[in-house]
Amino acid sequence: MAGIKLIRITTVYQSIFSLISGQCKYMAKNGFDVIAVSAGNKSQSEEVEKKEHVKHHSIPFTRSITPFQDLRCLLKLMILFYHEKPAIVHTHTPKAGLLGMIAASIMSVPVRIHTLAGLPLMVETGFKRKFLMWIEKITYSFSTEVWPNSLSGKDFIINHHLVEPNKVYVIGKGSSNGINLSKFSKQNLDPEKLDLIKNKINFQTISFYLIAIGRMVKDKGINELIQAFSNLQHLHADLKLILIGPLEEKLDPLHKETLHQIHHNKSITYIPWSDDVEYYLSFSNLLVHASHREGFPNVLLQAGAMKCPILCSEIPGNTDILPNTSFGLHFTTGNVVAMQQNITFAMENKDELISKAQNLHQRIISNFEQKQIHLLIKEKYVQLLTGKKNY
């Protein structure tokens, strides 16, 4: 595939490291001429180029509705495609997908792929839901391929008539990127670094540690988690909570009481960002993933790889990874009482939770190892370029 130009686009540069970490580098090593595109300043572009070993081109995308800025970005993409003449444009995230697919279609890029993860419209109603469905339809209409990162996502977009079924394809059994089992491995942790992290949070062996990783927003169920935790604290003095992820006070702010608890409750440790979540997962007793909507959540793969027991909301995406309770605990989305009951069960049945975590670990090894996902994506690229569709 030497000389075949591939352009990968995400809205923000962080997604290159989180959603598709290592993919650009892998494709470049396997003969593609890769350009990564996202919003980002000069130092952020340099960071992408250093980590992924590919060129990075900055386009000033926004994550909100900004018509004039979006038009400017669309024109910049068209100019980029005119000069680079890619054979494949592959987008992730809603804004990058919408503008990337339109621009690629206008510039006659032969293979136009959009990978979709969680759909915001799943939790919306009324006009906003209709508007978001319309945006998704536009994105898919300009693509030649639509890749949901879960089987449940595939069912959703087909059942809601958002896309022609013959465009839809799921890589393997799901996932945008798989899981790096070298990084997410208890055996490969640095013992000194682990001790430093434990000391930093004043780790106590007698405590029971809950952990939540991701954006600290309403959509991720953080309000309910904090409420459940606060209620349980009165009964379990040794219960602790670690939160890792950024607050997004403009796009999806948490309740004021939730923010007060995060910043002032001495049993809650808040970490805005960490590249070392595997260390925190290694000693946590239970990952609580209370999200209202998901595509194919990486954090569940990460926890499963680290053999950290999981309690998650029973929604598409989560249940693609934990299809039943032999792999972890489920609760009805938004149900604080059910969340509390499951956390109590986990505290009282540690051995059973460890057994469930072992089951999930084996499932992840068999189906979601990152190298295998990267290989399947590369093979699909080759298949599309040679004009063969085996659906």
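Buried here means under 20% relative accessible area, exposed means over 50%, and partly exposed is in between (1.4 Å probe, protein chains only). The model is predicted, so local features need pLDDT of at least 70 and side-chain atom pairs count only at pLDDT 80 or more, while totals for chains, interfaces and linings use all residues. Residues are numbered from 1 along each chain as its sequence is written, and side-chain values use heavy atoms, leaving out hydrogens and water.

**View 1. Lys51 and Glu47 pair up in helix 3.** Their side chains meet in a salt bridge (3.5 Å, N to O); that term means a side-chain nitrogen of Lys or Arg within 4 Å of a carboxyl oxygen of Asp or Glu. Both residues sit in helix 3 (residues 42-52), four residues apart, about one turn of the helix. Helices (H or I, at least four residues) and strands (E, at least two) are DSSP runs, numbered from the N terminus. Lys51 is partly exposed, with a relative accessible area of 41%, and Glu47 is partly exposed too, at 28%. A search of the whole structure turns up twelve salt bridges.

**View 2. Arg215 meets Glu248 in a salt bridge.** The distance is 3.3 Å, N to O. Arg215 lies in the loop between strand 7 and helix 9 (222-233) and Glu248 in the loop between strand 8 and helix 10, so this pair ties together parts that are 33 residues apart in sequence. Arg215 is partly exposed at 23%, whereas Glu248 is buried at 13%.

**View 3. Glu294 and Lys220 form a salt bridge between distant parts of the chain.** Their side chains meet at 2.8 Å, N to O. Glu294 belongs to the loop between strand 10 (286-289) and helix 12, and Lys220 to the loop between strand 7 and helix 9, 74 residues apart. Glu294 and Lys220 are both buried.

**View 4. Asp252 is buried yet has no salt bridge.** You'll find Asp252 in the loop between strand 8 (239-244) and helix 10 (256-264). The nearest side chain of opposite charge, Lys218, is 4.4 Å away; Lys and Arg count as positive and Asp and Glu as negative, with His and the chain ends not counted. Look at the backbone instead: the nitrogen of Lys218 lies 3.4 Å from a polar atom of the Asp252 side chain, and the backbone nitrogen of Asp219 lies 2.9 Å from a polar atom of that side chain. Leaving aside residues up to four places away in sequence, Asp252 touches Val217, Lys218 and Asp219 (contact means heavy atoms within 4.5 Å).

**View 5. Leu287 sits in the largest nonpolar core.** Such a core is a set of buried Ala, Val, Leu, Ile, Met, Phe, Trp, Tyr and Cys residues joined through side-chain atoms within 4.5 Å.

View 6. A disulfide is a pair of cysteine sulfur atoms within 2.5 Å, and the count comes to zero. At 2% relative accessibility, Cys308 counts as buried.

Methods. A polar contact is a pair of N or O atoms within 3.5 Å; within protein, one must be able to donate a hydrogen and the other to accept it, and residues adjacent in sequence count only if both atoms are side-chain atoms.
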